[in-house]
Amino acid sequence: MTNHRRIVITGIGLTSPNGNTLAEYRANLLKGVSGVVWFETRYMGKVLAGVCNYDPLTYQLKKEVRRGTRAGSIAIYCAQEAMADSTLRFASLDKSRIGVYLGITEHGNVETENEIYNISQYGYDTKFWSHHHNPRTVANSPAGEVTLNMGITGPHYTIGAACAAGNAGLIQGAQMLLLDEVDVAVAGGVSESIHTFGIFASFASQGALASHADPTKASRPFDRDRNGIVCSEGGCVFILERLDHAEARGARIYGEIVGYHMNSDASDFVLPNAQRHIECMQAALTRAGIAPQDVDIVSTHATATPLGDIQECLALRAVFADCPTTYFNNTKSFIGHAMGAAGALELAGNLPSFDDGIVHQTINVDHLDPQCEIPNIVLNSPRQLPRVDYILNNSSGMLGINSVVVVKRV
Amino acid sequence: MTNDQIKHAVLQIISVIAPDEDLSRLKSDVALREQLELDSMDFLDIVMELRKRYKVEVPEADYGHLASLDSCATYLAPKLKDL
């Protein structure tokens with residue numbers, strides 16, 4: 001394959017509940033630092049959530065923050081950080097050849113809830129409904145806010161893919177580079193979901209919202225005593241380029257996207273389908289041209305729901321049945337479920353393994369659920385490997401959507 | 001409300017919708033858009049805030065009366081005379 005057909009990651013910008021740079025985030029993953037806290041939400045009071053503390057005014061005026069959305073602000077922070085990290089000379093780039101592709105789980109619920117609450121203060125008179133509601137809630141909003149902030153004139157849109165969206169944004173960016181639609185892709189995922197009470201209330205009604213006296217121990221994928229999801233906000237944006245473009249400017253390369261796949265369960269609104277997970281991972285490995293045994297780290301999706309974790313583990317055991325040097329971890333145990341940002345953040349937290357060979361652990365597993373036993377699952381302390389060449393990042397979401405990305409050391 | 005009170009009230013609204021602007025040297029007889037980065041959405045914000053804070057309705061045909069602080073005071077004075 002020519003270097004013009006190889007897609008690499010050359011910049012990473014993120015905000016996570018436990019870090020606002022890749023270095024801070026990675027350090028906290030290796031140290032076992034959770035980002036889950038108590039969070040006040042309308043109508044429900046205190047809930048458990050992953051909350052980001054980046055400074056929006058780093059890259060936005062106060063007026064931009066006021067006019068836009070939380071998802072847009074997160075996206076801007078991440079995109080600007082990623083662009084700076086890439087060392088691309090942004091000012092001299094052809095802005096029409098930059099595309100922005102961001103995965104989202106949902107968008108608009110926050111603003112709609114805010115407006116309904118707002119007009120409730122005025123007897124539900126709709127003349128008090130904000131004229132900002134439509135521009136804030138159009139589905140392209142977070143990506144569009146990035147283009148407004150940075151002056152990017154290439155294509156922008158979001159990819160609605162439930163909790164498979166982070167990988168989906170990355171895949172879309174890679175595909176647009178392969179199609180020669182753009183020269184630089186700003187791709188990843190974002191989530192503002194904790195600012196809508198509805199996501200907490202819905203998970204609670206579903207019996208899928210985590211509860212625990214200690215917030216740092218609430219997100220417990222694979223643990224026998226797991227009891228549901230911790231909702232989080234966050235974002236992670238990658239700068240993608242073709243390898244020849246990156247090499248020509250001597251860019252630092254975090255890794256090459258060698259495999260990816262998306263598919264649909266077509267079986268249930270909420271319960272994952274292990275067989276489709278298997279097919280999705282196998283298709284991504286086939287595209288990468290590698291065997292399961294070649295994968296060093298599998299970044300799992302598990303959200304700590306009783307049934308969902310079991311379904312994913314069924315799939316992982318099937319795909320990686322004879323892989324003694326493949327190790328598994330889970331990032332949600334630290335930061336909760338960052339929804340549209342989850343897949344992107346989870347991949348980013350593992351990419352430094354290409355440099356240091358360390359697999360970050362899964363925390364909060366005091367009693368591994370026998371149904372979640374996977375060989376080489378890394379629990380509660382990091383694991384040093386001799387070398388890491390391939391990382392597989394697994395994600396899935398409601399309505400039965402699966403996305404897998406395979407990244408190779410360059 | 002007096003004209004000065006109305007101008008102060010409008011300035012308070014502008015300080016919220018244009019929080020990055022320095023309003024200390026604003027000339028009351030010069031169009032707001034000549035002195036500040038304000039667009040049509042901002043003027044709709046002014047209209048909305050007048051509605052919320054003072055129960056004043058500004059019909060679309062009258063938006064031009066909100067051009068400057070002085071014109072705001074002249075236009076709004078009859079509507080706010082009882083406040």
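Helices (H or I, at least four residues) and strands (E, at least two) are DSSP runs, numbered from the N terminus. The model is a predicted one: local features need pLDDT of at least 70 and side-chain atom pairs count only at pLDDT 80 or more, while totals for chains, interfaces and linings use all residues. Residues are numbered from 1 along each chain as its sequence is written, and chains are lettered from A and ligands numbered from 1 in the order in which they are written.

Chain B has 83 residues and a radius of gyration of 12 Å, which agrees with the value near 12 Å for a compact globule of that length (taken over C-alpha atoms; the rule is 2.2 Å times the number of residues to the power 0.38). Along the principal axes, its C-alpha atoms fill a box of roughly 30 × 25 × 20 Å. Of the 83 residues in chain B, 22% count as buried, meaning that 20 or more other C-beta atoms, placed from the backbone, lie within 10 Å of the residue's own. Contacts are pairs of residues whose C-beta atoms, placed from the backbone, lie within 7 Å. Among those in chain B between residues at least 6 apart in sequence, 56% link residues at least 24 apart.

Where the chains meet, chain A gives nine residues and chain B eight residues. The chain A side splits into two nonpolar, three polar and four charged residues. Here Ala, Val, Leu, Ile, Met, Phe, Trp, Tyr, Cys and Pro count as nonpolar, Asp, Glu, Lys and Arg as charged, and the others, Gly among them, as polar.

After α7(A) comes A:Asp180, with a positive phi near 65 degrees.

As for strands, two of them pair if DSSP finds at least two bridges between them. An open sheet with mixed pairing is formed by three strands of chain A in the order β2-β3-β7. Its edge strands are β2 (36-41) and β7 (231-232) of chain A. Six bridges join β2(A) to β3(A) in antiparallel fashion, with A:Thr41 opposite A:Gly45. Their hairpin has three residues between the strands, and A:Tyr43 takes a positive phi near 75 degrees. β3(A) and β7(A), in turn, run parallel and share two bridges; A:Ala49 has A:Cys231 as its bridge partner.

Strand β1 (residues 7-15) of chain A is mostly covered, with nine of its nine residues buried. Eight bridges tie β1(A) to the antiparallel β8 (residues 234-242) of chain A, where A:Val8 stands opposite A:Glu241.

Note on methods
A residue is buried if 20 or more other C-beta atoms lie within 10 Å of its own, exposed if 12 or fewer, and partly exposed in between; C-beta atoms are placed from the backbone. Two residues are in contact if their C-beta atoms, placed from the backbone, lie within 7 Å.
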